Amino acid sequence: MPLANALVRPNEASGPELTFPLDVLRCVSCGLVQLGQVVRPDVMFRSYPYSSSASAPLVAHFDGLAHDIRRWLSTPDALVVEIGSNDGVLLRPLQQSGLRVLGIEPADNLASAAKSSGLDTWNEFFGTDVAQRIVLDRGQASAVVGTNVLAHIDDLRAVLESLEILLEPRGVFVVEVPYLNDLIERVEYDTIYHEHLSYFSLAPLETLFGLAGMEVVDVQHLPVHGGSLRVVASRHGAHAQRPSVEAFRGFEQLKRLQDARTFQRFADDVQRSRHELVGLLSTSRQSGARIAAHGASAKGATLLNYCGIGPSTIEFIADTTRFKQGLLSPGSHIPIVPESAILEQRPDYTLLLAWNYAEDIVAKFDSYVRSGGRFIHPIPFARVLGSA
Ligand code: DWN
């Protein structure tokens, strides 16, 4: 499979394209579901086309997270450090609420975007050396936040060592990760790609934090990104453990996330999902329908390449992210164009490659639907939205 965000310049489309095996494994002792291959982080993240602020629903999500973080802080000007701060989408509301903030962002393009909007950002990968420099420069942090970044980091023990340095005694680590149970139950196989090294559930996270004398003190299930966990961890005894933790332990037992048969059923569901999507698209094409897609997402790259869908089926992918427009999707080489193309070209069908925002996107293109256009939702199994 190609790298999910390695968009291709049209003039390089005939050249070589990096591809890697994509195998998902499960540790039989701690239950951590993880990739069998690690692609170098500098290859994937030094220049990164994914801008969180491009998705309006995400901006609203991070405003909510900024509000929630405050209840774990004891002083109004506490220091909050965000790992993988992207374009500053969370740093902004945190700073506006009076907190001291610092973003750690390895992507050159995103770090400069954040800095140019006045958000203090270091263009680095997080690690123990950065943690030490932060403490020397600003003191220890009351909170360290990581949304959709912990799953991207190979050396999880180094994260724990860095937290030990960076967090003040009652400091909290607030982390959001895609939730394994949602991935399995909703057949969200397209969220599997090389950026996501780990596919977390609560049990392995508790084991991980336990290695560093930390514990999970709160767990929330969120709808964002197809279903995520928001986990708060701190040093043992620093905060009372909320009832949500015990409740989630029971939930995961019920869902049999440690049972191999759960994963065999998932594998069967993935084959069915691919079969039904390819069937729907080819039937539509055979009847002369024109098909486009919306959302040049990372998950879209997995879906298109795994299902063998290319430009002969999908004419273009409309996306609001300026870093992505004018480029081709990884592997499948479908042109990425501004969202206006949907109303201008009026394809009969538009495949939702960012289905996690389906409600917002369908509402956004209400006139397209009213004039007969139809969205196809591929996950868990392909269906035409709004059809009679
Ligand atoms: O972990 C990760 C997740 C959180 O974000 C990263 N490794 C990569 C990325 O995954 P993704 O690209 O699948 O995320 P999204 O947020 O589902 O991507 C949405 C895409 O759709 C973006 O390119 C923006 C675009 N979009 C749009 O064009 N118009 C999104 C919305 C809501 C819209 O209205």
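Reply: Two strands pair if DSSP finds at least two bridges between them. That rule is the basis for what follows. The model is predicted.

Start with the open sheet of six strands. Its order is β13-β12-β11-β14-β15-β16, and the pairing is mixed. The edges are β13 (336-337) and β16 (383-384), and each pairs on one side only. Further in, β11 (residues 291-294) sits beside β14 (residues 349-352). These two strands run parallel, with four bridges between them.

Seven strands make it up, in the order β5-β4-β3-β6-β7-β10-β9. This sheet is open too, and its pairing is mixed. Its edges are β5 (121-122) and β9 (214-222). Each of these has a single partner strand, so one side of each lacks a neighbour in the sheet.

What flanks β6 in this order? β3 stands on one side and β7 on the other. On the β3 side, β3 (residues 79-83) and β6 (residues 141-147) run parallel and share three bridges. Glutamate 82 has valine 145 of β6 as its bridge partner. On the β7 side, the pairing is again parallel, over six bridges. Here valine 145 stands opposite valine 174 of β7.

How well covered is β7? The strand spans residues 167-178 and is mostly covered, with nine of its twelve residues buried.

Follow the chain on from β9. Valine 224 lies in the loop between β9 and β10 (228-235). Is valine 224 buried or exposed? Its relative accessible area is 12%, under the 20% cut-off, so it counts as buried. Its C-alpha atom is 19 Å from that of phenylalanine 251, a residue 27 positions away along the chain.

Phenylalanine 251 falls within the span of α9 (243-254). The loop between α9 and α10 (260-286) holds aspartate 259. At 12% relative accessibility, aspartate 259 is buried. Its side chain makes polar contacts with two arginines. The one to the side chain of arginine 256 is 3.0 Å. The one to the side chain of arginine 261 is 2.7 Å. Arginine 261 falls within the span of α10.

Next, a helix. α11 covers residues 298-307 and includes threonine 302. Threonine 302 is buried, at 6% relative accessible area. A polar atom of its side chain lies 2.8 Å from the backbone oxygen of isoleucine 192.

Then the cysteines. A disulfide is a covalent bond between the sulfur atoms of two cysteines. The count in this model is zero. Cysteine 27 is in no disulfide, and the nearest cysteine sulfur, in cysteine 30, is 3.8 Å away.

Last, the ligand. Which residues come closest? Tyr50, Glu195, Lys299, Asp319 and Tyr357 do, within a shell of 25 residues. Lys299 falls within the span of α11, the helix of threonine 302. By class, the shell has eleven polar, eight nonpolar and six charged residues.

A ligand nitrogen is 3.0 Å from an N or O atom in the side chain of tyrosine 48. A ligand oxygen is 2.6 Å from an N or O atom in the side chain of aspartate 319. At threonine 320, a backbone N or O atom lies 2.7 Å from an oxygen of the ligand. The protein covers 97% of the 710 Å² of accessible area that the ligand has on its own.

Technical notes:
Residues are numbered from 1 along each chain as its sequence is written. This is a predicted model: local features need pLDDT of at least 70, side-chain atom pairs count only at pLDDT 80 or more; totals for chains, interfaces and linings use all residues. Side-chain values use heavy atoms; hydrogens and water are left out. A residue is near a molecule or strand if one of its heavy atoms lies within 4 Å of it. A polar contact is a pair of N or O atoms within 3.5 Å; within protein, one must be able to donate a hydrogen and the other to accept it, and residues adjacent in sequence count only if both atoms are side-chain atoms. Accessible areas come from the Shrake-Rupley method with a 1.4 Å probe; for residues, only the protein chains shown count as cover. Ala, Val, Leu, Ile, Met, Phe, Trp, Tyr, Cys and Pro count as nonpolar, Asp, Glu, Lys and Arg as charged, and the others, Gly among them, as polar. A disulfide is a pair of cysteine sulfur atoms within 2.5 Å. Buried means under 20% relative accessible area, exposed over 50%, partly exposed in between (1.4 Å probe, protein chains only).
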